[in-house]
Amino acid sequence: MDLSTFFALLTPAGQEVLSAAMALMPREIDFLANFQILSRRYSRELARVALEIAILRGEAASKFPQAEKMYFVRDALQQASSDPVSVYRASRYQEFASVVDLGCSIGGDTQALAHVTSTLGIDHDRLRLAMAQANLKALSLQADLVQSDLLSPLPLTNLLPNAPALFFDPARRIGTRRIYSVKNYVPPLDIIEDWRPRFPDLGVKISPGVNLDELGGFDAEIEFISHRGELKEAVLWFGSLRSGEHRATILPGPYSMSGSPSDVMGERLSDPQAYIYEPDPAILRAGLVRDLAAQLDACQLDPDIAYLTAPKALSTPFARVWAIADWFPFQLKRLRTYLRERNIGHVVIKKRGSPLQPEALIRDLRLEGDGERVLFLTHLRGLPIVIVGYAHG
Ligand SMILES: C[S@@+](CC[C@H](N)C(=O)[O-])C[C@H]1O[C@@H](n2cnc3c(N)ncnc32)[C@H](O)[C@@H]1O
C-alpha cells in the first residue's frame, strides 16, 4: 500500500469502501472472492486496500481491543506489541513528564504510552507514521509523531527541552525471517549507547529468547513478561526505570517478582510430595525458580529441573499447581497397567528433561476409560519418573 492510497482511504469516499469491506467480515483466504464483490462497486485500488485493512483488523483483534477502528500493514501488525503488554510496560513510565517511542510503527505502544504521559513517536516509515496518526485519532488519543532516521542523532533538542524517558522497540524480523542476535536488530541494540549519556532513562523491548550472554555489557534490569501463561517479551530497563536485576511479570495482573537469577537450586531437593508446581515461563526465563520455591516453601525434584513439589498448595500467580495422585519410576508397562486399572482414558502430558514424545506415548498407552489425569514425565535426582497429577481445587 502506498501513502497516497492510504490517504485516499481516509477520505469519506474511502471510508465508504472500508465499511463495505468490513461488512464482508473478510479473511485472507477469501480475498479474491471479496475483491471481486468490492471492485464491482468501487475502484480496484481502493477495494484492494480496504480489503487488506479489513482482513488485518480481524486478525488484530487478539492484540488490540479496538482493532476494528485501526489501520495496519501486515508486517507492522506482526511486529506490534499486544495491548495488555504495552499497557503494563507503559505503566512503568507514569512518573515521567514525557516519553519518546523510538520505532513507533503504527503506534501500538504509542497509544499505551499516550495514556500515561506526553508522548512523541519516531519512525522512518511514512506509511506507518500515517497509520499511527490515524490510529491515535480513531482512539481519541493525542501524541506527536515525527519522521526521522534513528541512525542519525535524535531530533529531540528543539522538540523536548527537558530530557524525556525513551522507549525503543527495534525490529526483530525482516519479512518472515526472525533476527536472533541483538547485533542484527534493526536498528542494532548497540545504538542505545549513543543515546544513554543524554537520555539515561530508557526501556528496550527485546526478544524473550535473547541470548543473555549478548547482554553482559549492559548495566540494566531485564524483565520477562508473560501473558496468560505464554512468554511474550523481554525488556531492558536502564537509569531510573531500572528497579532490580531480573524480574518476571505475569499478566493479567500484573504480578511481578524480582530477584537475582540462579540456574540451579540444588540444595532443596525432595521426592514428590502432595503437590507439584509448574512455574510460569517468565519465572523460568528470569531464573527465579529458587525465589519462587522459597515463597512456596517448596523443593525441586532434581537440580536441573524446574518442577517444584510441596506438602501444601499455596495459591500463586507464578505457577500452576496439581495434586499428586501417585508417582513411580517410568516404565511403559507399569504406567499402562496403572491407567487401565483406574479407567483413565484421557491424559495431558507435560515433560521436563524427558526425551519421550507425548503423541507416541499416548499411542503406546492405548488408553481406555473416562477418567482424566495429567502425567509429568521428568527426573528425580537423575532417574526418569512419572508423576500422575490431577486438577487441584
Ligand atoms: C518492532 S517495530 C515497532 C513496533 C511498535 N512498537 C508497535 O507496537 O507497533 C520497529 C519499528 O522500527 C522502525 N525502524 C527501523 N529502523 C529504523 C530507523 N533506522 N529509523 C527509524 N525507524 C526505524 C521500523 O519502521 C518499525 O516500524
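This note goes through the structure in numbered points, from the whole chain down to single residues.

1. **Ground rules.** This is a predicted model, in which local features need pLDDT of at least 70 and side-chain atom pairs count only at pLDDT 80 or more, while totals for chains, interfaces and linings use all residues. Residues are numbered from 1 along each chain as its sequence is written, and side-chain values use heavy atoms, with hydrogens and water left out.

2. **The chain as a whole.** You will find 13 helices and 18 strands in the protein chain; helices (H or I, at least four residues) and strands (E, at least two) are DSSP runs, numbered from the N terminus. Taken along the principal axes, a box of roughly 70 × 55 × 35 Å holds the C-alpha atoms. Of the 393 residues, 51% are buried, where buried means under 20% relative accessible area, exposed means over 50%, and partly exposed lies in between (1.4 Å probe, protein chains only).

3. Among contacts with a separation of 6 or more, 67% come from residues 24 or more positions apart; a contact means heavy atoms within 4.5 Å. The chain has 43 positive and 46 negative charges, and their mean positions are 5 Å apart. Here Lys and Arg count as positive and Asp and Glu as negative, without His or the chain ends, and each charge is placed at NZ of Lys, CZ of Arg, CG of Asp or CD of Glu.

4. **Strand β10.** This strand covers residues 246-251, and six of its six residues are buried. His 246, Ala 248 and Ile 250 point one way, whereas Arg 247, Thr 249 and Leu 251 point the other way. Do have a look at both faces, as the residues on each are buried.

5. **The neighbours of β10.** Strands pair if DSSP finds at least two bridges between them. Strand β8 (residues 221-227) runs parallel to β10, with six bridges, and His 227 stands opposite Leu 251. Strand β11 (residues 255-259) is antiparallel to β10 and joined to it by five bridges; Gly 259 in β11 is the bridge partner of His 246.

6. β10 and β11 make a hairpin with three residues between them. Two cis peptide bonds are worth checking on your screen. One joins Leu 251 and Pro 252, with omega about -5°, and another joins Gly 253 and Pro 254, also with omega about -5°. For context, most peptide bonds are trans.

7. **Ala 47.** This residue is in helix α4 (residues 44-60). Its relative accessible area is 0%, so Ala 47 is buried. Leaving out residues up to four places away in sequence, Ala 47 touches Val 17, Phe 35, Leu 38 and Ser 39. Ala 47 and Asn 34 are 13 residues apart in sequence, with 9.1 Å between their C-alpha atoms.

8. **Aromatic pairs.** Rings of Phe, Tyr and Trp (its six-membered ring) pair if their centres lie within 6.5 Å; planes under 30 degrees apart count as stacked, over 60 as edge-to-face and the rest as tilted. That rule gives 12 aromatic pairs. Trp 322 and Phe 376 are edge-to-face, at 5.2 Å centre to centre and 70° between the planes. Trp 322 is in strand β15 (residues 319-329) and Phe 376 in strand β17 (residues 371-380), so this pair ties together parts that are 54 residues apart in sequence. Both Trp 322 and Phe 376 are buried.

9. Phe 328 and Tyr 338 are tilted, at 5.4 Å centre to centre and 55° between the planes. Phe 328 is in strand β15 and Tyr 338 in helix α12 (residues 332-341), so the pair links parts 10 residues apart in sequence. Phe 328 is buried at 4% relative accessibility, and Tyr 338 is buried at 9%. Elsewhere, Tyr 93, Phe 96, Phe 167 and Trp 237 form one aromatic cluster.

10. **Positive phi.** Most residues other than glycine have a negative phi. Ser 140 has a positive phi, near 55°; this residue is in the loop between α8 (126-138) and β3 (144-147) and is exposed, with a relative accessible area of 67%. Arg 381 also has a positive phi, near 45°. Arg 381 sits in the loop between β17 and β18 (383-391) and is partly exposed, at 48% relative accessible area.
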